[in-house]
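Visitor: I would like to learn how to read packing features in a protein model. Could we look at one together, taking the general idea before each case?

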Amino acid sequence: MSVDIADHAGEPVASVAALALRPMGALPEVDSGQDHLFRLTWETLADEPVTDSGPVAVVGADPLGLAAVLGVTAYPDLTALADAGIPQRVFVSTADESGQVPGAVRSATARVLRLIQEWLADERFEQAQLVVVTRNAVSTGRGGGAPDLASAAVWGLVRSARSENPGRLALLDLDSAPTSPGVLTAAPTDVEPDLVSRGTRYQAPRLARATSSGRLVPPPGVQDWRLDLSERGTVDNLVLVPNERAFEPLTEHQVRIAVRAAGMNFRDSLIALDIYPGTGGIGGEAAGVVLEVGSAVTDLAPGDRVMGMFPYAFATVAMADRRMLAKMPDSWTFEQAAASPIVFATAYQALVDLGDLQAGESVLIHAAAGGVGMAAVQLARHLGADVYGTASPRKWAALRAAGLDEDHIASSRTLDFEAEFAETTGGDGFDLVVNSLTGEYVDASMRLLPRGGRFVELGRVDVRDPDEIAGWYPGVEYWTFDLSEIGPPATAVVLREVLALIEQGALEPLPVTTWDIRDAADAFRHMTQGLHTGKIVLTVPRALDPDGTVLITGGTGTLGSAVARQLVTRHGARNLLLTSRTGSAPELAEELTALGADVRVAACDAADRAALSELLDSVDAKHPLTAVVHAAGVLDDGVISSLNPERLDVVMRPKVDAAWNLHELTEGQDLASFTLFSAAAGVFGGPGQGNYAAANTFLDALAQRRRTQGLPATSLAWGLWADASAMTGHLGDDGVARISRSGVAALPMDEGLGLFDRALDMDDALLVPIRLDTRQLRDMPADAVPPLLRGLVTSTARRTVHTDARGAETFQQSLTGLSPDELDATLLSFVCRNVATVLGHSSTDAIQAERAFSEVGFDSLTAVEFRNRLNATTGLRLPATLVFDYPTPAALAAELKRQLAPAAADPAAAALGSLDRMRSTLAGLRVDAETGLAITARLQDLLASWQESTVTPADEDVSTRLETASTDEVLDFITNELGIS
């Protein structure tokens, strides 16, 4: 067999001379669910020339000051805006809500709900886009800071409303109040409806497959291991190796610790890159639980929570000198504690022991948004000093949050700080400089000590000679030190002083960015890029403690009970606390007991803080809480126009209130995992689920917020489950079919539980387990792929005319020239085909022109999908109430005729359209002479009939000429007068 392949023009592309076949070997076993776990990433958009986006306006209270930046009027409401004239884009801003979190979430979402309902209901705004501007509603990556939970819920609400009303709404999140109009006007919300502005760039969300590629693998068969370098020089040489030190005999002053989290320091990066001027391994501070103590240690016991400085801390188990340890503050997490010893001890040494900083003195702290810098700012302010700080501009928000005003902040990326601070201090400069910069930045800092003073060098790269400094800068005392060199006795004193300040509330834990230790290479790269504020912490993975208790809210429901079985059979859980409304599930309890678990089913509404607190207090101290799975929830679906604050509350109570209570009441407990069952509606924007989407984006943001506090958390935004539950049983076949048409398939229970297992082992705050039909995406034109899903296809979208717009133009052209009867039939067929599609019918046989939509199975969500399909094809802006305003296919087709072809009722327009089609047909016709004569005769007859009915005196000469004309003369007339050749 041979094959020749040609392109559409007939040009050869390839030639296959022969095909050989061979037996196929066995295929490797593949996890059927491996491709159905996704993570939300943020793609930085390419810079494009900024064009005039046209006039804009601002509406509402404008807490972010958009109108002032744009130089426009802020209209108090939509009525005032409409009276003044409606521009192409209208901005409305929301800001951080004060008060208790659940109340703030309700207030923000209710206010935005009212506005978008008014916007969508008013036909005057149909051609404009409303851009909802938030601040810190989303976190775009590690180190991005804690998201504002109320604004995050607004994102879910708006996404859902937009899915019902494509093109009408967009979202733009800022990390601070805007300072230039371009941040707003240049935002490409026409093609990226969800946008984040960070620095000078825009980012857009993209769904990506959640893989574990690049993750370090512990050595096989080894329970205790540590992080090390196979060779210095690159972070790619990080490896996990057997921890031979883990269970060496203790000396009398040593303590063995099960490490929960370990702090990273710049020293670790320098060692990895082989540029640290000294010896020693990576990992120097951590926090964990005491396993064993030496014979001389009397003030610690197994089970105590400790933090401190000790070598080889990047490990599952480590040993420490008792003098280098301190008990953890009760309210701190292991991650917060692991981030604290070195930075606070270094800050104390620099400011107090060496710098001798006194109240009323001034101090310049370089890199003030880093770990040591943030600790030093806190301590210096506590000592009563006038504190100045430098940092990269993108980190200035952290300095403002620490209490520094604009005059006390400058950039660490340029030398401008010298002139700026010299002016601010009136030329006096500072009493103390705490430095970590190099080169000419050191000299610029020295010149800011014109009256003499102290200069404490924290770095190890550009160390100067104290005698030379004294000669160049009279009166300046130059100090440098390495905390690891001061010895255990002095370190013990410093730790005691720092701990006392912590207990007094004078010092607070730093913000942390965490990585699983198995992803250490990513953490090291992040540190070398200087992208974080506060500290980076590596966490040690923990399996669920079989002796601990797992709490599952909604634990007797379809999903909750399935998760309970999975935790017992796959994760070794032996103590389960299941909550439900009734507190009774004897069959489930009996089943789980037979599997080896001790089960308690309790009636508890987690949204009731007092009841939940009482339940948690009842957990047996011998089996402390070790994990939480929040699976409770309810639905109250309805299109955006039907929602109100009461319907928001129905859904938010079991999601927002309950999750917030669980978060606050378990903050001080040693949890291995904290899992929130969210929904893909919040990520994608589910039609008819605005309240549910808002509640679930709150959960997603709460998980990210917990991560910034060093607390475990993962939010799982589940897609559709195949097994009907109390929340999804109402969908029926039509509802499932509607969701399937969006490219989402139902997730079988066993596959979903497999994804749950994978998620517990990953290090993401948000994961999306969902069965997506990516084949549908690959078949779409590039610019028709939803922005969120563009990362799952190889083609990239261009900023160009939307596919829907081109399709609408083609559709409208296809109606040109149709007779009234043809137009009626075409539009009715078009309506009936779309009715059949949204109802899941394979043909239009069951669709009757005069039968009401309400009688054939339409509900509010079906109506929204139907309306969106018609809008996409026709280019119209049909209202969401379409099927109620025009209750039958025939009535709707008549309305489409009125809007799309108002000239169709004009017989003359129809006749001209027919002639246009005739001209196109004849122009491309090639016939023999006999057929040509027949056509000519018909044309002559047609022309004669027309002229007999319409002839005027002025036309008589032409009529007479045609009556006596030859065939050639008639054809000449057609060519010259009708333009047919």
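Visitor: Where does Thr109 lie?

Guide: Thr109 lies in helix α3, residues 101-121, where helices are DSSP runs of H or I with at least four residues, and strands are E runs of at least two, numbered from the N terminus. This is a predicted model, in which local features need pLDDT of at least 70 and side-chain atom pairs count only at pLDDT 80 or more, whereas totals for chains, interfaces and linings use all residues. Residues are numbered from 1 along each chain as its sequence is written, and side-chain values use heavy atoms, with hydrogens and water left out.

Visitor: Is Thr109 buried or exposed?

Guide: Buried means under 20% relative accessible area, exposed over 50%, and partly exposed in between, with a 1.4 Å probe and protein chains only. Thr109 has a relative accessible area of 0%, so it counts as buried.

Visitor: Which residues is Thr109 in contact with, and what lies 2.8 Å from a polar atom of its side chain?

Guide: A contact means heavy atoms within 4.5 Å. Leaving aside neighbours within four places in sequence, Thr109 is in contact with Ala153, Val154, Leu157, Leu648, Met652 and Ala694. The backbone oxygen of Val105 lies 2.8 Å from a polar atom of the Thr109 side chain.

Visitor: How should I read two packed helices, and at what angle do α8 and α14 pack?

Guide: Two packed helices are described by the angle between their axes and the distance between the axes. Axes are lines fitted to C-alpha atoms, for helices over the stretch in contact, and angles run from 0 to 180 degrees between N-to-C directions. Helix α8, residues 341-354, and helix α14, residues 487-504, pack at an angle of about 100°, with axes 10 Å apart. That makes α8 roughly perpendicular to α14, since angles of 65 to 115 degrees count as roughly perpendicular, under 35 as roughly parallel, over 145 as roughly antiparallel and the rest as oblique. Among the residues making the contact are Phe344 and Tyr348 of α8 and Leu495 and Val498 of α14.

Conventions: Polar contact = N/O pair within 3.5 Å; in protein donor to acceptor, adjacent residues only side chain to side chain.
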